[in-house]
Each structure stands twice: as C-alpha cells, then as structure tokens.
Amino acid sequence: MRKILLAAAFCGAAVPVAAGPVSSFQLKNGLEVVVIEDHRAPVAVQMMWYRVGAADEPPGHSGIAHFFEHLMFKATDDLKAGEFSDTVEAQGGDDNAFTSWDYTAYYQRVAADRLDLMMKLEADRMRDLQLTDDVVATERDVILEERSQRVDSDPGSLFSEQTRAAQFLNHPYGVPIIGWRHEIAALGRAEAEAFYRTYYAPNNAVLVVAGDVVPDAVRAMAEAHYGPLKPTADIPPRLRPQEPPQLAERRLSMSDPRVSEPFLMRSYLAPARRSGDQVEAAALVYLAELLGGSGTTSLLARKLQFEDPKVVHSYAWYDGTAVDSGLFGFGLMPLPGVTPARAEAAMDAVIADFLAIGPDPVAFERIRTQLHASEVYAQDDVQTLANRYGEALAVGLTVADVQDWPRVLQAVTPEDVMQAARKVLDQRNAVSGWLLTEETK
Amino acid sequence: MFWRIVPLLLVLASPLRAEIAVKEVISPGGIKAWLVEEHSIPFTALEIRFRGGTALDAPEHRGAVNLMTALIEEGAAEMNAQKFAEARDALAAEFRFDASTDAVAVSARMLSENRDRAAELLRLALQQPRFDADAIERVRGQVLAGIRGAAKDPGAIASDLFNRLAFGDHPYGSSGDGTEQSVGALTRDDILATHRAVLARDRVHVAAVGDITAEELGTLLDHLLGGLPKIGAPLPGPAIVGLTAGVTVKEFPTPQAVVRFGTEGIKRDDPDFYAAFVLNEILGGERFGSRLMRELREKRGLTYGVRTLLADYDQADLVTGQFASDNTKVGEAIRLVQEEWRKLVEDGVTEQELAGAKTFLTGAYPLRFDGNGAIANILVGMQMTGLPIDYPATRNERIEAVTLADVKRVAERLIRPEKLRIVVVGQPEGVVSTP
C-alpha cells in the first residue's frame, strides 16, 4: 500500500521522551554534546547534526545542502574518497547521512569500543574536505539519479513538491530538499566549497552519542578530536524570509498517467515547538491523533470509512519540529465512484463538526494513554532517542525542552486542542491539492 | 528527508551476539518458544510466525491469505473493529499482522502493567476473528486500491514480471496481493477457510524478549495459541527456477528505468552457503565499496543505489539484485552488471576483498542485537531458517572459515552469466528484449 506508506512518511509527529541517563556539555569551540546511555548492548551511535539545511541555501542553489551531504564522504587531507565509509564498514559499522530543511546529520553505528575512531573520522571531515571537479561532477549525476528515483518516478512525490511550493509564499521551506532539477544540474565545486566554509564548524553543530557509553569518556574523546577544531566567527544567523499573512486558500490539481487512484493532500501552516513553550505544538499532536491518527478509531476514519463510507483511507499529520514553521495536514483517497469533490466536502464537514463539538473525552484519554506508553516503547531504540535530541537541538530547542515534552503532552487539555484547532484549521492558511488519474482530471 | 542512500532492508537477517542468553521455553501445553529476559524496560516484544504465508493461496483464491491477515484486527468475539481498536489502544498495546511469501507474522508489544489483558485481546483476534461483512468490504477496497497502484508502479511491475519469469505458475510467480479479479471474488467462507488453514499450531514459531519470565511466557502461549487448529494446510511444493539468460523489456512511461536481475541461488543449508554469502557481499552487498556500487555509482554516477542479495525462500533460492537508472543511461549500467557478473567467474575475488567482506560481516553481526523488538525478530527468523539456538556463538566462525578456494568454487557454481535474466521496466534507450 504505497500511499499509506507515503502518508506515514509525512506523519512527522515525533513524540520525544526522556531516556535513561542523558547528559550534555559544550566544548570551548562551541560544539554542543549530548550523551544518552543505554548499556543493554555493546553498541554506540555517533551523530553529528549541523545547523544547516535546505532552507539555508542561497537562492538559485536549491539542493546544495543535500548535495554537500553526499560530498562529505569524499576525500579529505587524510582520507581518499570513499575511505570514510570503507573505514566504518571495516569495523562492521554502518554509516549514512540525511538532510532536511533545517539540518544535515551524519551518523555511524559501531561496536562501542570503536567510538574513538569514529570521532577521529568525523572531526577530520568537519574542516578538511578536499573536493575536485571530477568528484563533484560524478556525484551530481548520482544525485540526479536520486531525484529521478525518489521524485520524478513517483507522481505523489512530484505533486508534494508542487503543493509545498504553494504552501510557502515567501519562506524557503517551499523549495524541495533535493533541489529543483535545473538548479541541481548547475551546482558545482565553487558552490559546494562556499557552502562548506560558511556552515561546517564546531560552533554550528550538535554531537549526539548514544548507547553503551559513559559521559566522562565521551567528553575526553570529544575534547581530543573535536576540541582542536577552530570555530567560525561569522556563521550567518538563520534569518530566513518569513511568511506574510496568508489570505487566500490555494487549490491545485495535477493528473498523471501513473496515478491509479485520486488523492487529496491538504496542508495548513501551523506553529512549531518553541523553546520553553511547547503547549500549542503538543495540542496539535493530539489534534492530528484525534482527527486522523488511527485508521480505525480516529474521527475521519469513523465518519468516512465506517459510518458512511466515502474513502479508502484517510489520515491527519502534524510536523512541528522546525526552526520557523510547522505544518498540519490531511490526506485521503476517495472510494471508487465517489467524486473528489464529494470526498473533500465530507472531510470538511467532519472538520467543521469537530470545531463545533470538540473531542470525545474517551478518545482523548485513550490518546493520552498511548502517548504515555510510547515513552516506554521508545526506550527500546536508542537511535530513535538520539534522533529526537539531535533534531530538537538542531532547530533551536534545548535538552530541557526534549525532556519536558512528554510532560507537556500529558498535560494537554481539550481546551488547548480546540484553541490550536481554531487557529490552524483556517482555509486562508490552506493548500488543497488533488492528484488525479487521467480519467478523473 | 533525503539520504545519501535509502537504507534497504535485508532479506537475510543473520543472528546474534554471543552474550545474549537465549532460553528455550516449552509451555505446559507443548508450545516451544525462545526467550530473552530483559527486565529493564517494562514491556515485552513478542514475535509469532506461521510458516506458509501467501504461498498457501490456491490459484483461484490468490490474495486470500493477504486479505485474511489484514482482517485479523478488524473485530473479534463480541467486539467489532471499532471496539477492538478502542480496547487495544486503551491498553496502549501494539499488534501488527503481516502476510509475506512464506509466513504470516504477528508482532506485539505489550506493557507489563496490563500484559494479561493485552494478551487476551490478541488471543481473541487470533482465535475468534469476526470477519464481518462490512470489514471485508472495507479492507478489500484498500487491497484493491493497492493492486491498482502496483500496476502503475515500475518497481512493482519489475518484481512481478521477474517473479513470473522465475517461478511460472508456482505461487511464487505472482503477487501475494492477488489480482483485482481474484480478490474481488473472495467470499467470507474463503476467508474463514484460509484462517483455519494458515493459523495452525503445527507451523508456529515464537520468540519473546522483554519483561517476562519463562513461566509467564509458557502460560501466555498456551492461552494465546492453544485453541488454534493443530494442523494447517500443506505447504506448496518446491518452485523450479526457470530463469534463462537474456533481457526482458517492459515498456512503461517513466524517466528512469527500473531493473531487476538474477539467477538461481543456493540453499540455506548448502555447505557452500557461507561462501556464497561472502561472495554476495563482495559483489553487491551492503557496503558502499561493493563491486557494483563502485562501478555503477561511485565511478560513473549511473544510479543512486544497486544491491544484490541471496533470497532464500522456503521453496526456492535466488541470487537477485535491483537498481534504477535514467532511460538514457540504463543500457550502460546493464552492460556493466553483465560484465561484473562475468568477471566474478573468470577472475574471482582478491584476498583483500575477501578479508574486507569478512571483517564487515563479522563486525556488523553483533550490532543487530540492540533492542527487544530487534532481538525477537532475529530469534524468530532463526527458528524459521532452522538454525540452532546456539547459532550466534558459531556464526562468525563460519564466515571466518570461508577461503578464496571456497569463493571461487561457489562463484563458478552460482554466478552463471549464461543464466542471468535482466528485467527492465521503462523506456530504456538501446536496450531490447531477447528471447
């Protein structure tokens, strides 16, 4: 079920929790360090999160943040191209990296006694990457293939790009992370090196080390490997162009012969988690769960799949971990024979009823219980915990915010949810996009 | 998020960290399970596998196992789908039901504080599913939408076509989701019969990891599974791998062609399996430094990623791989794959490549055992593969024992250029079908 999976990928409503022992400190050069202990298995994860992502790119250079992420695996003054991954893999480890609008992160997962070597490697490429034109040109081809595979071959992904571009009138969150094809094709070594010099520095990064490690030893290793790296004095502040008041709903439609079922994507501009003030974001987590979290018991599922079937499936999502703005959204696939207009009207009627009546208290308590239990389950996966701290710190939240988050979630009231719902579910903030088959266009 | 490479799931999950204390538990009622007690987090991960999976479908009922499995959580005993989901969510228990080619998998996470009540809900789902008419129609609609979607997805088209060429009329030769026609025709009686045929005690394997003792697990298993039929439907016979050398092109309007390739593989219990496993790692394994990744991606930028794997099904074995490449470049990429295939047989591998693959495989092995859910999954997989409970202690030795001569022998046997079939879905330039 491709679309469901696609939908799941957008449901970014992470519920960070306080793990076992978590400690944090900062090196003199500005590098922030978080250590999460989990001694059940002799494994360690090192993650380096840079506070730079696609939304920090110069105009016209879309994709450079992600392109650069690929280039970080090339030669340094000490290593040949590819030797970074070869070295990690020779230890039996795995390594990878990912880029979002607000951050770029690199990680290795290794036996805990190899952590020192991983730090040596990661420190080396923070400052000493040595690019050549050939290496940049070949990697650009890889990225164009990546774009072909993940976006251009999938009409759902192509349409997501279009709706997101319509959502943001002014903010660079509307530009795709991987970049527009014509701009990727024009990126070269000069753009890459300028980006690297500007943003890759210890005082623009957060190191998260998780697993079978002890804070004192991590601190000693971090001092030894990262301590000598010079900070950059003039890292640009993250002052991106902000959204003006959005006054008009945007409606899009696109058809493609590769689409088999029509699909609605609806999104709204929404507040993000704020340091020291996460109540509104927590309320939006409940709102997404109440309206479209469960495929059986959420309001949309009950009304549109069970009581008076109009859709194959439906969901709601909220992504609130971001520097500037979060997003709230819905998706649905009409049943064969139900027109897109009727399915969308039915969804809007459910939303309108909810705004008038408010949440079912029993459903509300069930979600509170599930959010509480997710803290227990989350402790089983130390890499997920590392992600939560890294992502939060990369967007300007603090360790305390991450640790408070479960408590904030438990304290949300139905009134908080209704207040947030009335603010966010405003059609002037909305983009409604129909991806259609050739027959339904 | 955009990744340097999208992580791919391993089909062959190999097991374990030697220090993990795995116990065999036999319930009072005679149900066997493997258990790791881990009391530091108050929940238990439970993995149950029923051997058989979608391969148990009769041809005219293709998709029955998949639809039945999707319906297990849609109401049980006195609870309709809504009531069942509300009860489960109120306990914050998590159940997943999944049908794959050779197994129906049940995965559960249950909190210690309400484990008995969660297990009772799971028991009702497994033993007394309602299969209400409205639930059947609703879920059937979801499955049909998925089938129509797969018909327009080049990756799914390539897999279906490759499997048809490989396995013909055997159940492995078609999608376990079924067709619009076969799924459209399934009746409630078909679903009930499938339930009795698939969820039976003669084919069940269980692993549990977490906050539970052997005695508690024994009691739980008798309660959970004791009431299921003793004997299920016979497994399908072996599948004959009918792949021949050549290229099959399926025209599809997309900018990037999807390629699936492969040939007959090696049995999991073959004495040369570990040599083949190391050989695959060198050719197209998990590392960026595999031969195919180096030639196609790192040197030439022809693809975002290429992988090969040993696909060991219960009834057949394949060496198979996959990549995608723009229509203009895919011809060159295919020629390189064929060339690497040939080189592997003609020139063998170097001592250095062998050592690199071994270091990676033996080092990566213990890293997999890092969480209750992950460990339970590995343990139940070991049982399905027929591995002994002490396998973790010997697995790395088996990798270490592989010699250059072993790899050469198995390469000659396995990597047969004259049997390599390549399926291409897209509009590839300069690539045409051969017989």
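**Exercise 1.** Find which residues have the most contacts inside the largest nonpolar core, and where this core lies in chain B.

*Solution.* A nonpolar core is a set of buried Ala, Val, Leu, Ile, Met, Phe, Trp, Tyr and Cys residues joined through C-beta atoms within 7 Å. A residue counts as buried if 20 or more other C-beta atoms lie within 10 Å of its own, as exposed if 12 or fewer do, and as partly exposed in between, with C-beta atoms placed from the backbone. The largest such core has 278 residues, and those with the most contacts inside it are W49(A), L284(A), L287(A), V259(B) and V278(B). Helix α10 (residues 279–292) of chain A gives the most to this core, 10 residues; helices (H or I, at least four residues) and strands (E, at least two) are DSSP runs numbered from the N terminus. Domain 1 (2–225) and domain 2 (246–426) of chain B both contribute residues, so the core lies between them. These domain bounds come from an automatic or database domain assignment.

This is a predicted model: local features need pLDDT of at least 70, side-chain atom pairs count only at pLDDT 80 or more, and totals for chains, interfaces and linings use all residues. Residues are numbered from 1 along each chain as its sequence is written, while chains are lettered from A and ligands numbered from 1 in the order in which they are written.

**Exercise 2.** Describe the contact between domain 1 and domain 2 of chain B.

*Solution.* First, the C-alpha centres of the two domains lie 27 Å apart. Next, the contact takes 45 residues from domain 1 and 44 residues from domain 2 of chain B, where two residues are in contact if their C-beta atoms, placed from the backbone, lie within 7 Å. On the domain 1 side, α5(B) gives the most, with 10 residues. Finally, that side has 31 nonpolar, six polar and eight charged residues. Here Ala, Val, Leu, Ile, Met, Phe, Trp, Tyr, Cys and Pro count as nonpolar, Asp, Glu, Lys and Arg as charged, and the others, Gly among them, as polar.

**Exercise 3.** Is S159(B) buried, partly exposed or exposed?

*Solution.* S159(B) is found in helix α5 (residues 154–167) of chain B. With 19 other C-beta atoms within 10 Å, S159(B) is partly exposed.

**Exercise 4.** State how many residues of chain A and chain B are in contact.

*Solution.* The contact joins 63 residues of chain A to 62 residues of chain B. On the chain A side, helix α5 (residues 133–152) gives the most, with nine residues.
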